[in-house]
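Visitor: I would like to learn how to read a model like this one. Where do we begin?

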Amino acid sequence: MSPAPAHGSHTVIERRRRHTLFFLEWAESQRPVHLDTDIDMTRILEHRERARADGLRYSYVTYLLHATGRALARHQEANAVMAPGWPGFWRAPRIVRFRSVTAKLALDRKVDGERAVLSALVPRLERASLREIQEQVDRYRGEQAAELPEFKGVRMLGRLPLPLGRAAFGAALRDARKRPGVFGTVSVSSLGHGAVDGFHSAGGTAVTLCAGRIAQRPVVRADGTLGAAPVMRLGLTFDHRVIDGGAAADLLTDLHDTMEAFDDVDDGSRGHVPAAHARGTDHDHGTGRELAGSPR
């Protein structure tokens, strides 16, 4: 005889988060390693206040996306993904690198009345201005974001029979060259709206960036004096199959320096993109040609 159910308990069939569960099954092959750093957000906050005075609103995650596009354009080996089929006995490991940076931005939204994580794509970060990025972020900010056309697939996965849903999810990720339009090339998540200083997650891309809250913390200035500054902890998780620790550390250092030295050079910043990106040229990497938490 089966034991009596616990008092007041009930079992539900999970549908709204089924895409997340399919992703976790798929992501088991990743080999995540975690790094983090503290970023002095003084210059970004100053710019944010000046923009607000001019009637413009930029979320913190917009600044992170802006810096991410510039930094990954300078570290192309991290704007990549491991192609399916490895480890395998006969198949050599293959890395697909992308010339354009597309962020997969994690959003905490309700799907059919239940809380779930949606992944919104923000493309062309290597050349997009702050305002262009903010316009895309604003599109996903509304409470009805789950009804947008780009999340049709998420809604469908919750309705399909489990085997068909799992097969559909796998089919969408089978061709690594199409990954930017499905999963992005870098994952970005923020939990800074709560009392979260730092966290790490593996978002299915070679690099996942995780932003905590901004809080006043003691810092040592360049002249050796002690002061206080608004500091944000930024976590970087990298897939060790795709890049090594030195490359990941260089990327995180670049992000740190880019954000701490932020200047209002939206239009001029396009000139910092490497020439190969500006011309849209292709490079052979042995696998064919290169392919192009809630916002705060």
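This is a predicted model: local features need pLDDT of at least 70, side-chain atom pairs count only at pLDDT 80 or more; totals for chains, interfaces and linings use all residues.

Visitor: Is Ala73 buried or exposed?

Guide: Buried means under 20% relative accessible area. Ala73 has 2% relative accessibility, so Ala73 counts as buried.

Visitor: How far apart are Ala73 and Arg99 in sequence and in space?

Guide: They are separated by 26 residues in sequence, while their C-alpha atoms are 7.6 Å apart.

Visitor: How do α3 and α4 cross?

Guide: Look at the axes. Those of α3 and α4 (residues 130–139) come within 9 Å and cross at roughly 125 degrees. The two helices are therefore oblique to each other, and their crossing is right-handed. On the α3 side the contact is made by Val61, Thr62, Tyr63, Leu65 and His66, and on the α4 side by Leu130, Ile133, Gln134 and Val137. Of these residues, six are nonpolar, three are polar and none is charged.

Visitor: What about the strands? Which way do β6 and β7 run?

Guide: Strand β6 (residues 186–190) and strand β7 (residues 207–220) run parallel, joined by four bridges. Ser189 has Cys210 of β7 as its bridge partner.

Visitor: And how many bridges join β7 to β8?

Guide: There are 12, and β7 and β8 (residues 226–239) run antiparallel. Here Cys210 has Gly235 of β8 as its bridge partner. The two strands form a hairpin with five residues between them, and Gly224 in the turn has a positive phi of about 90 degrees.

Key
Residues are numbered from 1 along each chain as its sequence is written. Side-chain values use heavy atoms; hydrogens and water are left out. Buried means under 20% relative accessible area, exposed over 50%, partly exposed in between (1.4 Å probe, protein chains only). Two strands pair if DSSP finds at least two bridges between them. Axes are lines fitted to C-alpha atoms, for helices over the stretch in contact, and angles run from 0 to 180 degrees between N-to-C directions. Angles under 35 degrees count as roughly parallel, over 145 as roughly antiparallel, 65 to 115 as roughly perpendicular and the rest as oblique. A crossing is left-handed if the near helix is turned anticlockwise from the far one by less than a right angle, and right-handed if clockwise. Contact means heavy atoms within 4.5 Å. Ala, Val, Leu, Ile, Met, Phe, Trp, Tyr, Cys and Pro count as nonpolar, Asp, Glu, Lys and Arg as charged, and the others, Gly among them, as polar.
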